[in-house]
Amino acid sequence: MRKAAGDMPPISADRRHRLADLILADSQRAGLGPGSRLPTERQLALEMGATRSSVRHALAVLQAEGRISREVGRGTFLRDAPPRLPGGGIDGAGLASATAGGSLVPPDGAGGFAPADVMTIRRLLEPLAMPLVVAWATAADFKEMDRCLVGGDQAGSYDEFETWDLALHRSIMAASHSPLLAQLYAVIETARHGHFWGDLKRRSASRERREMYQADHAELVSALRARDTERAEQAMRTHLARVDSHLFGESR
């Protein structure tokens, strides 16, 4: 017997991003450009051989990446492709170049990164990147951070919130305007797509914790906008310590 939609297992981040890439590739083959309207979720599901739920999650990824805009009552429209992280961002061939031919990616893919290792590296790297963001972030960078904050506020599910959470951290690191740092962070993004990370994060998720993370995010962006390096570093440390505590409890 076929499972009801509510009984379907969670869609992994890796699958969401692969489907998102397929939707973009098909739109390009169809000659659609910026401003063009995409087919409906139902049509895309039929064309892709996917469920509407999967398509909805993939569109959320594209919206978080700034690739599409979704307008109530009008539809979903392609946007000008935003600049991706140097090295190609989080997917595809660009990641291979960012990881020196794949040497930084474990043999079994993104899922091979241990969540504890991911958090350790995040806590080492992200706070120390804040001085660069304070020094180099532009008005356009802050506009993108604000867009991601709004997306997180409006997220209706864990998966949507996680997509916007990832997009916000990506936008902050991109605001450093350091190609090397962006390439390093692309590997961390890939690790966050792994099933080990996703399963652990999902088990620790709750509405209360999402609200805490959003408050952390708002404080971080506020500190960056104020060009307050010390406050921004502390805000990032506080946020990542909270995530670490929720993921691992007192075990670390």
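**Figure 1. Overview of the predicted model.** The accessible surface of the protein comes to about 12,700 Å². Carbon and sulfur atoms hold 55% of that surface. Areas come from the Shrake-Rupley method with a 1.4 Å probe, and for residues only the protein chains shown count as cover. This is a predicted model, in which local features need pLDDT of at least 70, side-chain atom pairs count only at pLDDT 80 or more, and totals for chains, interfaces and linings use all residues. Residues are numbered from 1 along each chain as its sequence is written, and side-chain values use heavy atoms, with hydrogens and water left out.

The protein has 11 helices and two strands. Helices (H or I, at least four residues) and strands (E, at least two) are DSSP runs, numbered from the N terminus. Their order from the N terminus is α-α-α-β-β-α-α-α-α-α-α-α-α. Of the 252 residues, 46% are buried. Buried means under 20% relative accessible area, exposed means over 50%, and partly exposed lies in between (1.4 Å probe, protein chains only). Among contacts between residues at least 6 apart in sequence, 72% join residues at least 24 apart. A contact means heavy atoms within 4.5 Å.

Figure 2. Helix α3 covers residues 52-64. At 1.5 Å a residue, its 13 residues should span 18 Å, and the end C-alpha atoms are 18 Å apart, which agrees. The expected span is 1.5 Å times one less than the number of residues. The buried residues of α3 are S54, V55, H57, A58, L59, A60, V61, L62 and A64. They pack against α1, α2 (41-48), β1, α6 and α7. Just after α3 comes G66, with a positive phi of about 80°.

Figure 3. L22 belongs to helix α1, which covers residues 13-29. With 46% relative accessibility, L22 counts as partly exposed. L22 and M48 are 26 residues apart along the chain. Their C-alpha atoms are separated by 8.1 Å.

Figure 4. Strand β1 (residues 68-71) and strand β2 (residues 75-78) run antiparallel. Four bridges join them. Two strands pair if DSSP finds at least two bridges between them. I68 stands opposite L78 in β2. E71 has G75 in β2 as its bridge partner. Three residues lie between the strands, and G73 in this hairpin takes a positive phi near 85°.

**Figure 5. Close-up of helices α5 and α9.** Two packed helices are described by the angle between their axes and the distance between the axes. The axes of α5 and α9 come within 9 Å and cross at roughly 85°. Axes are lines fitted to C-alpha atoms, for helices over the stretch in contact, and angles run from 0 to 180 degrees between N-to-C directions. The two helices are therefore roughly perpendicular. Angles under 35 degrees count as roughly parallel, over 145 as roughly antiparallel, 65 to 115 as roughly perpendicular and the rest as oblique. From α5, P115, V118, M119 and R122 meet F196, W197 and L200 of α9.

G194 sits in the loop between α8 (179-192) and α9. G194 is buried, with a relative accessible area of 5%. The C-alpha atoms of G194 and P115 are separated by 8.9 Å, though these residues are 79 apart along the chain.

**Figure 6. Close-up of helices α9 and α11.** Here the axes come within 8 Å and cross at roughly 90°. α9 and α11 are therefore roughly perpendicular to each other. On the α9 side, the residues are W197, L200, K201 and S204. They meet V243, H246, L247 and F248 in α11.

Figure 7. Helix α10 has 19 residues, 207-225. At 1.5 Å a residue they should span 27 Å, and the end C-alpha atoms are 27 Å apart, which agrees. R210, Y213, Q214, D216, H217, L220, V221, A223 and L224 are buried in α10. Their cover includes α5 (115-136), α6 (139-154), α7 (158-174), α9 (195-204) and α11 (229-248).

Figure 8. H177 lies in the loop between α7 and α8. H177 is not a glycine, yet its phi is positive, at about 55°. H177 is partly exposed, with a relative accessible area of 46%. R227 is in the loop between α10 and α11. Phi of R227 is also positive, near 60°, in a residue other than glycine. R227 is partly exposed, with a relative accessible area of 39%.
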